Structure formats: C-alpha cells, structure tokens
Amino acid sequence: MAFTAAKCVPLSVVSPGNTIGSNVLSGKSNRLPLGFISGSIHGKKLGVTKRGVSRVHCVASLTAPRAKDLLAEAEERWQRAVDGPLEGVPFTYEEFADALTKYDFNFEIGDLVKGVVFKTDNSGALIDIGAKASAYLPLPEASIHKVKNFEEVGLYAGIEEEFMIVQEDDDNGRFIVSLRKLQYDIAWERCRQLQADDCPVRGKVLSANRGGFVVSVEGLRGFVPFSQVYSGVNQEDMLDKELPLKFIEVDEERTRLVLSNRKALAATQTGVEIGSVVVGTVQSVKPYGAFVDIGGTSGLLHISQISHDRITTVENVLQPGDKLKVMVLSQDRDRGRISLSTKKLEPTPGDMLRNPALVYEMADEMAKTFRQRVAQAEAAARAEELRLQKEGGFGLRDLAAPAVDALGLNELDLEDIPAAEED
C-alpha cells in the first residue's frame, strides 16, 4: 500500500447542532452528533474524535502501486542488460579469456593435483580438481590399508588433499585419482630410510609358508625367512601377532622387502660381549649344530665348536631343553648372528663329551684364560705391525693382502653357514 492523499475538514464547516454527512467522509451515511466525525479509509473504519481534542479532522487515502509502472521498469532494466551485458563488470571478454589460459587443464597420468572432496558414498568419492569434470576416487584407492568407508581415513565433504592421477575414465570423461599410490611411494621411502638408520620396526604376521613369515610393515608386505626368526618363537601361534624386526633388503624395483627377527633381538643384547660366559637352553638341534637361547636371543653352537674331539652327530651330545654354559665366540649385529662355543671352555680336550659338568664348573675360569690369550695375541700383533712400519713403511696387513686376495679369503665368510630353515 502507498499513501496518496489526505483530506482535512476544518471545524468551521461544522455548526452547533449539525452533523457531518457522507459528503465529507468516504461514502458512509453514518450520522453522529455535532462534534464527532466517523468514516472509513478503503474499508477500514476510522476512530471517533470528540470536539475540542483536535482542530482539524483529516481523512487519508491509500492506493496500491500501479502494475503497469512496475512492468515498465522491468522492461527498461532488461533492455539495458541486452544493450550492455558487461555494464558494471570490471573486466572485458579479452581479459577473461587471457585469465583462462593461465590455468592448465591438461592433466596426465602420474600428475599430483590438489582436490576437494564434495561427495562420498559406499563405493567412491567425487573430487573437484579443477578439471572440466570431477575426478573419481574409488574406495580401495583411499588408503594403503584396507578400509570399509571414507570416514576411517578422515575423508569428508570439504576436505582438501593431494591426489595422484592414476587412470582416465573414458566412459565418463573424468580422471581416476588415488591416495593409496602416494602412500605406497612414501612407505618405500620410509623403509629405505629405516634400513639406512638400522632402526627396529614391528611387523604383524599375516601368514606363513614353508620358507618363512609374511608380515605387514609400514603398510607393505615383507618376508621374514625362518632362518632369521628366533628359534624360541612358536611359528604356529604367531598369526596376527607382532615381531620385532630389522630390514635386511629393501628393493622397490623388485618389490622385495626382507627382514630379520634375529637381527632385531641381537641389537637388544647390550650385555653380551665377546668372550663372556652365558647360560642358555638348547632350542633345536640341526645336523650342523644346535641353536641355543641365551636370554631372548638365539645363538648357534656349531658342531665344530662343541668339543675338541670329533663329533659325528649332534643329537648324541645335546638335546632340546638341555641347560648349558657357553662362551660368546663372535657376534654379527648386522646379520643378527651370535656364535657360541663350549670347545673353548674344556679344561682338557674332549671334556664336553666325557664330563660336561666339569666344563660348566670351570667355564668362567677357562673363559678368562681365553680372553687373556686373545689380548696377548692382539698386543703382539700390534707390536709387530709397528716394527714393520718403522722398518719398511708397511705393516702385516699390507704383506698379507695379496695372499688373501689370491686365495679369495676376502669373500669367504666363515659364519655364513647354510640357512637354518625349519623342517
């Protein structure tokens, strides 16, 4: 409604005893005594005013805006838009086209792109990567691990992530993107770094075959040969359990990931020193020796290190569960191998076969004697090397090097025995 007019009636036109009729107000014949006026404005009744309260009685008139005026205004605005579509826009067609050329929509397989998730369902998610059509992220490509929905990996509408383009969907004209491939590359890089730093990891046993355990490490599948598993581990009970491990081989090109449980456990044996005597339990017996548990780590007591006397069968001397004292002969932390000996603890050759109790009783004393002999031999070798260096400018190692190379001893590893695969 709009206010259009007002009609005011002075009191002078009203004399005492007279009434105001319909000619003054709007079409109503209501008659009131002198001094009161009544009327209506477009159907709404006016109030009654007593004389003397107001000098002037006004009647207002309200009318609706005219439809034709509104129509004319709309037509005028439309015509202006047709005549000048860019009126008020702060750039031209040419400037807009130039701005579009700065955006690269030519995506290729393997490209890394930023994208925003704007819709998800049980099978996949639609990703806005700035292309002509939305990209698609299948659920299996959302993580390097198996997930049931996108909530498990924190992907919701509005989340921005970096994706890798892995495929072009020709049917729908959109790209297939992946988070799994990115995580896969990162996992290999992390495994290489962990191997370089010789860091221990924990791997979950997924399955076992006749050669070893298949484990999950950093989201990748690795292999732990049984020869690299501590002999005290019960292989049948290890499914879905974790093992401490260290990397032996990380080869992404051949997709080979080989780990060792023995190497990880050997690194924790800070109290084991060369020449020290430890108490152990025979875990298993092989044709070439016995594996002995020495406080959580498995060491090998080779058949040649059991006694000075010749032994034809290990089972004739040792059985699983036997308690014995052994001396640490050597330790290879990189390979997780510890070599043991009872031969060095024999007071006289053959005591380990005839009187093992005497060997265990004299173990500490015999080990001390062994360490003293080793120290004396090392001191003598250093003294001789210094003498040769003063006389001829070279040492024992220089003299021995050609002979060692000729015999191929540089490549010979006396501790590299056949792999102890579980039968």
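Reader: What does Asp198 count as at 32% relative accessibility?

Author: The structure is a predicted model. A residue is buried under 20% relative accessible area, exposed over 50%, and partly exposed in between. Asp198, at 32%, therefore counts as partly exposed. Lys263 has a relative accessibility of 9%, so this lysine counts as buried.

Reader: With which residue does Asp198 form a salt bridge?

Author: One looks for a side-chain nitrogen of Lys or Arg within 4 Å of a carboxyl oxygen of Asp or Glu. Asp198 forms such a bridge with Lys263, and their closest N and O atoms are 3.8 Å apart. This pair links distant parts of the chain: Asp198 is in the loop between α3 and β12, while Lys263 belongs to helix α4, 65 residues apart.

Reader: How many salt bridges are there by this rule?

Author: The count comes to 14 salt bridges. One of them is formed by Glu141 and Arg180, whose closest N and O atoms are 3.4 Å apart. Glu141 sits in the loop between β9 and β10 and Arg180 in helix α3, so the pair ties together parts that are 39 residues apart in sequence. As for accessibility, Glu141 has 18% and counts as buried, whereas Arg180 has 30% and counts as partly exposed.

Reader: Which residue forms a salt bridge with Glu242?

Author: The partner of Glu242 is Arg202, with the closest N and O atoms 3.1 Å apart. Glu242 has a relative accessible area of 44% and is partly exposed. Salt bridges may also share partners, and in this way Glu249, Asp251, Arg254 and Arg256 are joined into one network.

Reader: In which sense do β19 and β21 pair?

Author: Strand β19, residues 298-302, and strand β21, residues 337-341, pair in the parallel sense over two bridges.

Definitions and conventions. Residues numbered from 1 in each chain as written. Predicted model: local features only at pLDDT ≥ 70, side-chain atom pairs only at ≥ 80, totals over all residues. Heavy atoms only, no water. Pairing = 2+ DSSP bridges. Helix = DSSP H or I, 4+ residues; strand = E, 2+ residues; numbered from the N terminus. Buried < 20%, exposed > 50% of the residue type's maximum accessible area, 1.4 Å probe, protein only.
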